[in-house]
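I opened a notebook page for a structure I had not looked at before. Here is what I looked up, in the order I went.

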Amino acid sequence: MTLYVSEGNPHSLKVLAANEMTRVKCDIKYVNHDERVVPFLSRPTVPALRLSSGNYLFSANAICQYLFTLGGLEPSDATNQWLEWEGTELQPAVTLALHLAALQGKRAEAARSLQKHLSYLDQRLAKRGAPYVTSEVMTVADVVLWGALYPFLSDATLLPGGLQAVTGWFERVGGHAACKAAAQSILKGGGLSTLKPYLQRQPPPRQRSERPASNEPEGENAEHTMTEKEIQADVEIWSKGLSACPKPKEIQHPILPREGERNVLITSALPYVNNVPHLGNIIGCVLSADVFARFCRLRGLTTLFVCGTDEYGTATENKAAEEGVSPREICDKYHTVHANIYRWFNISFDYFGRTTTPRQTEIAQDIFGRLLERDFLLPDTVEQLRCEHCDRFLADRFVEGICPFCCYEEARGDQCDKCGKLINAVELKNPQCKMCKQTPVVKSSKHLFLDLPKLESRLETWLEKSVGTGDWTPNARFITRTWIRDGLKPRCITRDLKWGTPVPHPDFSDKVFYVWFDAPIGYLSITANYTDQWEKWWKNPEQVQLYNFMAKDNVPFHSVVFPCSLLGAEDNYTLVSHLIATEYLNYEDTKFSKSRGVGVFGDMAMDTGIPTDIWRFYLLFVRPEGQDSTFSWADMALKNNSELLNNLGNFINRSGMFVCKFFEGQVPAMVLEEEDRRLLALTAWELRQYTQLMEKVRIRDALKCILNISRHGNQYIQVNEPWKKIKGGERDRQDRWHTPSLQRTGTVTGVAVNLACLLSVMLQPYMPTVSATIQEQLHAPPHCNTLSGKFVCMLPAGHRIGTISPLFQKLEADQIEALRKRFGGQQKATNVKPADEAKPAAPALAPGLIPETAGKADPQRAKQLTEEVAQQGERVRTLKAQKAEKSVIGAEVAKLLDLKKQLVLAEGKNPEPPVTKGKKK
């Protein structure tokens with residue numbers, strides 16, 4: 001890699017310090033301010049980092065983040081918030097202050113312009129009481145902030161008084177050898193005068209409107225300021241209509257890569273066949289992948305989306321034994337269950353297959369043979385856990401115990417869900433067989449291992465390119481780097497089972513492949529079952545971009561183990577370009593559990609009476625992109641009733657109804673005024689934001705662009721009040737298309753219904769059924785279903801629309817409360833207990849009587865309920881602050897009152913107030 005910097009460039013200061021601190025190997029090249037380093041940019045941009053792949057990073061903060069990531073120091077959420085604040089709030093203020101002080105000599109004014117931001121930083125540092133902005137150690141945020149503020153804080157005459165916390169922090173960071181060296185190299189010990197040559201070549205900064213300094217991102221209602229030039233360009237594009245957009249590409253099967261085009265291969269982590277997927281599984285893998293696949297098709301990209309059930313392994317054997325059938329029969333049964341669930345959720349697989357096929361055996365054994373020939377497999381004798389009671393060696397996932405690394409008490413035999421580290425089952429403390437709860441014994445068995453250390457250098461080279469040029473989520477990068485940093489170890493690829501792909505080796509003929517060697521090969525075999533030309537996808541890295549979707553616990557197998565298998569096979573396999581991993585979705589602040597009856601599973605969602613697209617919308621709205629998120633029934637009702645019913649549905653319904661009611665179902669002529677032009681440009685900007693976010697697979701954030709457009713549309717209608725303007729022309733029916741008030745009504749109606757048509761296209765990846773319904777009602781032309789990034793007039797004057805009807809229904813409080821109770825775990829009370837545990841049922845209480853336990857305090861239960869009351873109280877306050885529906889608030893208040901009643905009982909008090917006689921008032 002080559003890092004280009006220039007002397008006297010304040011942005012070069014931070015990247016050079018980051019490079020020195022992380023010790024990432026880079027060639028440092030000093031260039032002139034006018035030198036165009038990045039060939040495809042129209043103006044000189046330094047600093048810039050040229051990656052070994054030939055691509056460039058030319059944002060100083062992005063370069064710093066990348067260097068820290070390569071150094072194994074992955075940014076946290078708090079770090080990212082500071083970087084966002086530096087880029088959006090501090091940096092514009094610093095740029096203005098530099099121009100004032102260095103070029104205009106207005107030092108006092110420059111200091112005042114930074115006062116607000118420095119005070120904010122000082123308050124945050126003082127409040128934390130830590131030596132650095134996010135933790136006890138320096139992070140990329142400290143380096144970036146230090147580099148931005150260095151020209152001012154290093155000059156005592158410019159430093160405002162009373163900033164003890166900032167001063168101490170600046171001295172600590174600046175005292176680091178890396179920062180000292182960077183300051184000397186870039187500024188040569190000089191002050192602001194050193195920056196003059198650089199600043200004189202930069203465009204003058206804009207004065208920014210005042211808003212409080214904060215590390216919070218701008219609210220989703222913050223409106224983008226459009227220039228007249230942008231508005232004019234967007235209006236010209238709008239006027240061209242659909243002729244300015246490419247026609248949708250017709251899909252013909254089998255879908256194969258096309259020479260010279262962008263070809264996208266999408267996989268969703270293969271669900272294990274005997275587990276019914278819950279909502280967290282669905283959003284983490286198949287639903288997220290489906291949204292992106294639909295988006296790619298709208299973009300006209302050659303797209304193949306494959307998935308299937310992972311069917312080999314001990315879990316299948318045990319489930320078959322439990323149900324008294326063969327493993328094949330259990331796979332057939334549950335494969336159908338999965339297929340039906342995904343069909344109901346409208347997942348648009350091009351092919352949904354399975355791993356128990358001859359193609360799987362053929363391809364897996366071929367990869368194995370190539371690894372064996374190239375000496376990447378090692379035989380070794382290992383100690384395994386064997387359950388004598390069940391008379392079998394235990395697969396890793398059928399052993400639980402205490403994690404040897406973090407002491408988590410429910411770690412599995414292959415991986416700890418808490419710390420994420422991989423585990424050998426024999427390392428667990430106090431192991432238990434999950435089937436019978438007996439303690440297994442350790443016995444020896446001979447197995448084959450993939451020699452990961454021997455493949456490590458190849459993996460590192462590939463990772464640098466893939467992570468550097470692709471869109472890997474931060475958690476995927478962090479988990480992968482942690483694995484590499486800790487050092488790779490040989491990984492066992494065989495198991496003592498019967499149900500699996502046979503190992504084609506005479507010394508191991510009684511064994512099968514371990515599921516995590518075998519299962520990812522399922523992506524290849526499923527594609528091979530879809531088309532005999534599967535190698536055009538899987539042995540074509542130059543022309544195919546591979547996107548893997550999964551939850552974070554699957555990352556190491558997709559970023560290390562599987563790539564090593566393919567790299568070692570040396571057969572030009574397509575490796576992952578973009579690894580998209582979600583965090584976890586929790587259920588009402590707890591975990592999904594089929595056995596405890598907690599949470600909604602795929603087969604249950606069908607029976608709730610809530611349409612598929614509402615489930616899709618809410619799961620995507622709370623998609624756990626940067627951190628764990630929670631499914632909440634109250635929040636689901638709130639989002640349905642506010643975002644869908646009152647915002648999106650209201651706008652689309654009104655737009656269509658105005659056409660039917662005022663213009664006899666025909667889109668009127670539009671004579672654009674300044675307000676209309678601005679709305680078109682603002683919508684075009686939101687569309688571009690949506691496209692950019694979707695390209696980066698920021699699915700949740702892109703959804704907000706859709707809701708923003710409908711919000712803008714509702715405001716537009718509300719301000720213009722077309723239902724009032726139409727009355728002004730009722731007296732002159734002959735001239736109704738030319739009366740000024742009618743003309744204005746026509747323009748507002750025509751623009752609004754075109755916004756509705758655009759929304760139908762943008763909604764398609766998220767809510768395909770709703771999208772189709774809108775287009776059916778609007779009689780939208782089929783060739784509107786394309787996303788070129790341009791907002792054009794799709795429904796011209798004279799276009800006739802169909803019958804308009806409501807898109808969404810309100811979710812009532814009693815309906816939601818019933819569902820919350822149904823899936824809240826009450827089912828576990830109906831489980832039949834063993835005879836020795838059975839107790840007589842408590843007699844029913846007469847109305848108004850208090851249980852005998854009312855006078856017996858339970859301090860532990862009371863403590864737990866006190867916390868729950870506080871949490872529920874906060875939830876009620878939040879809903880009130882958001883001005884939620886009264887019915888939703890009422891349901892949550894009822895829960896709060898019930899919890900308070902339980903708390904009173906746990907404290908040994910009477911929950912009912914004493915009955916007193918008195919006069920009625």
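**Cysteines.** I looked for disulfides (pairs of cysteine sulfur atoms within 2.5 Å) and found zero in the structure. I then picked Cys406, which is in no disulfide; its nearest cysteine sulfur belongs to Cys416 and is 3.6 Å away. My cut-offs are under 20% relative accessible area for buried, over 50% for exposed and partly exposed in between, with a 1.4 Å probe and protein chains only. Cys296 counts as buried, because its relative accessibility is 1%.

**Ground rules.** I note that this is a predicted model, where local features need pLDDT of at least 70 and side-chain atom pairs count only at pLDDT 80 or more, while totals for chains, interfaces and linings use all residues. Residues are numbered from 1 along each chain as its sequence is written, and side-chain values use heavy atoms, with hydrogens and water left out.

**The whole chain.** I counted 30 helices and 20 strands. Both are DSSP runs numbered from the N terminus: H or I with at least four residues for helices, E with at least two for strands. Of the 921 residues in the chain, 55% are buried. Contact means heavy atoms within 4.5 Å. Among contacts with a separation of 6 or more, 77% are between residues 24 or more positions apart.

**Helices α2 and α5.** At what angle do α2 (residues 60-70) and α5 (residues 140-153) pack? It is about 150 degrees, with the axes 10 Å apart. Axes are lines fitted to C-alpha atoms, for helices over the stretch in contact, and angles run from 0 to 180 degrees between N-to-C directions. The two helices are therefore roughly antiparallel, a label for angles over 145 degrees. From α2, I listed Asn61, Cys64, Gln65 and Phe68; they meet Val140, Val143 and Val144 of α5. By class, that contact has five nonpolar, two polar and no charged residues. Nonpolar covers Ala, Val, Leu, Ile, Met, Phe, Trp, Tyr, Cys and Pro; charged covers Asp, Glu, Lys and Arg; the others, Gly among them, are polar.

**Helices α13 and α19.** I found α13 (residues 358-373) packed on α19 (residues 555-569) at about 65 degrees, with the axes 8 Å apart. That makes them roughly perpendicular, the label for 65 to 115 degrees. Ile367, Arg370 and Leu371 of α13 touch Cys564, Ser565, Leu566, Gly568 and Ala569 of α19. This contact has five nonpolar, two polar and one charged residues.

Key:
Parallel < 35°, antiparallel > 145°, perpendicular 65-115°, else oblique.
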